[in-house]
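Here is a short report on one structure. Take a look at the sequence and the model, then read on.

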Amino acid sequence: MTGFIVIAAFVLLFMLGFPVVLAIGIPSVVYLLANDLPIDVIAQRTLYALDSFPLVAVPVFLFVGSVMNHAGISKFIYRFADTAVSRLPGGLAQVNIFGSLVFAGMSGSALADVGGIGRIEIKSMTDKGFKPEFASAVTCASAIVGPIFPPSIPLILYGTITGVSVLQLLLGGIVPGLLCVAMLMLMTAYLAARRGYPRATRWPTPRELLHDLLPAAPAVAAPVILIGGMFSGWFTPTEIAAVTVAYVLLISLVFYRELTWRGLIDAGLETLRSSAAILLIIAVAALFGWILAVEQVPQAMTKAFLSISTDPTVLLLLVNALLLVVGMFLDATTAILIIAPIIAKPLMAAGVDPVHLGMVVVFNLMIGLVTPPMGLALFLVADIAKVPMRAVLREMWPYYVPLLVTLALITFIPALTTWVPRLAIGN
Amino acid sequence: MTGTLRAARTIVRWLSLALLAALVITPLAQIVMRGAFNLPFAGAEELARYFLIALTFIAAVYVSEQNAQIRMEEFQGALAPRPRWLLQLVIDASGVAFYLVLFAASAITVARNLDNKTATLELPFPVLFAPIVIGSALLAVEAAVELARRWREHRPDAKQTTLA
């Protein structure tokens, strides 16, 4: 019972506008003091939560996204995507989605996608006559691929919190990421056919394709190196993150030559702002999680879940419903840190594959990024395009269909997530 | 006071950037040692983990200074100015209290473990816990500065939702 009071206190403080660190930390400290528990627990739990090598990948991958944006790499990715797929029905809207996939292969954050390549995509689309609301909606929907296709900050967090292999989770994101892109492209083609959106008048010649591929090649090669390194087992996820930074810095300085010293410092400061905010929550959430464990909340949840059904599919559907609602109100980091340890236990007890569950959890929460009232990607994109959020939402509605269809496919066909990691382990 | 605070913030910013660089360099050095010289870099992972701990608590001060902590102020934004101002004062005051508790807890933990060391690098516990002791103290100062500013201004800040 006390455990649920601590959770209720967190929800109340969060809704009142307390920073998440305080909304989690204050009820935890009050619990410890009220129960006369040793004060050392606070420092030990918060510090040891960060004593994790996979977590090192979080700031390092965030740095990759920031450097790419400051080095102008996004521009070359976009130009290549434009040449490659602008003949498809929907033209630049398809370029937007394809460009996000390439960007996703280096950055694990949806917001880095929106703030970086998304900015270029929206401007290009509006310049070619697309409504800014529609350009914003496509950018928002395609940004979801960022944290699904490896690398992925939310998947690293999920793995660290639940003890599931981060490497397997990242590899597990490959097929769902590609599937999501395919679904979004299909919906765009359908909308283009109905609304008569412009597209390139012809397919590019091999010479044209090569002309725009060559400048983008160093950037496009990065995801190949990254996935290859993970698949072969040469590197751990953290090492891969460091290699990607080194690679992106190298191509920025030697090949693209747009990264200035000031830009690098700004990229670093941007990384510090987002990563320290997330990491401090992870530290304090460990204390919160410890209290829930002491109060046997996960066990109570396991009992409650399993009393409804022991069928993994039914339980996954329940988790989908729960997380879609949670994702509308909580940011992804907080939701993963608070909800994942509670729901992982009963679902795994019912026989759900941990990697499969991780993908379902993260995909749900990423949909939360583009749903009101707390969809940060919506806020950001509306701010960039200078259009009201309501207008973006009107254009966004059709894109919930491919996102939910992808979620359903991921939920009902575990092999879509587990096939690649198993293949890698087999190798 | 303002000059000291500004100097402290500059130091925090550059120290955090240096820690970020160290976080990238340490795993890279491990790969180079292993791949090029076939030599193990003993303690590389422990060192990287330590840099992560240090970065979290030191850079958190920069996050606080930038008012970039993750929070949702949608419901708070619906309140009238005076209750919203009072609520924001309560939030700032609770921030000061929370970070002071964290500071006290970490200082007590250090005092009780003065002779302990970590496994591989044999880092003394006072060094291991230094980032959390220093970071929580500076976070309390930043929260107090914010509280004082808001008290002086007698009006709430505009609604600001930060989610990442």
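In this predicted model, helix α2 (residues 44–65) of chain B and helix α4 (residues 125–153) of chain B pack at an angle of about 5 degrees. Angles under 35 degrees count as roughly parallel, and α2(B) and α4(B) are therefore roughly parallel to each other. Their axes are 9 Å apart.

Which residues of α2(B) meet α4(B)? They are B:Tyr50, B:Ile53, B:Ala54, B:Phe57, B:Ile58, B:Ala60, B:Val61, B:Ser64 and B:Glu65. On the α4(B) side, the partners include B:Val127, B:Leu128, B:Pro131 and B:Ile132. B:Gly135 and B:Glu142 are also among them. By class, this contact of α2(B) with α4(B) has 14 nonpolar, two polar and two charged residues.

Now turn to the two chains. The size of an interface is often given as the accessible area lost when the parts come together. Between chain A and chain B, the buried area is about 5200 Å². Carbon and sulfur atoms give 81% of that area. Three residues, A:Leu47, A:Phe53 and A:Leu272, supply 12% of the area that chain A buries against chain B, more than any other three residues. In terms of contacts, 59 residues of chain A touch 56 residues of chain B.

Polar links cross this interface too. The rule finds three salt bridges between chain A and chain B. In one salt bridge, the side chains of A:Asp51 and B:Arg49 meet at 2.5 Å, N to O. There are also eight residue pairs in polar contact across the interface of chain A and chain B.

Several helices build the side of chain A that touches chain B. Among those that each supply at least two residues are α1 (2–15), α3 (40–49) and α14 (237–256) of chain A. The largest share, 16 residues, comes from α15(A). By class, the residues of this side divide into 44 nonpolar, 10 polar and five charged.

Finally, look at the backbone of chain A. Most residues other than glycine have a negative phi, and most peptide bonds are trans. The table lists two places to check.

| Place | Backbone feature | Angle |

Where do they lie? A:Pro151 is in the loop between α9 (132–143) and α10 (153–162) of chain A. A:Lys386 sits in the loop between α20 and α21 (389–412) of chain A.

Conventions. Residues numbered from 1 in each chain as written. Chains lettered and ligands numbered in written order. Predicted model: local features only at pLDDT ≥ 70, side-chain atom pairs only at ≥ 80, totals over all residues. Heavy atoms only, no water. Axes fitted to C-alpha atoms, helices over the stretch in contact; angles between N-to-C directions. Helix = DSSP H or I, 4+ residues; strand = E, 2+ residues; numbered from the N terminus. Parallel < 35°, antiparallel > 145°, perpendicular 65-115°, else oblique. Contact = heavy atoms within 4.5 Å. Nonpolar A, V, L, I, M, F, W, Y, C, P; charged D, E, K, R; others polar. Buried area = accessible area lost by both parts, 1.4 Å probe. Salt bridge = Lys/Arg side-chain N within 4 Å of Asp/Glu carboxyl O. Polar contact = N/O pair within 3.5 Å; in protein donor to acceptor, adjacent residues only side chain to side chain.
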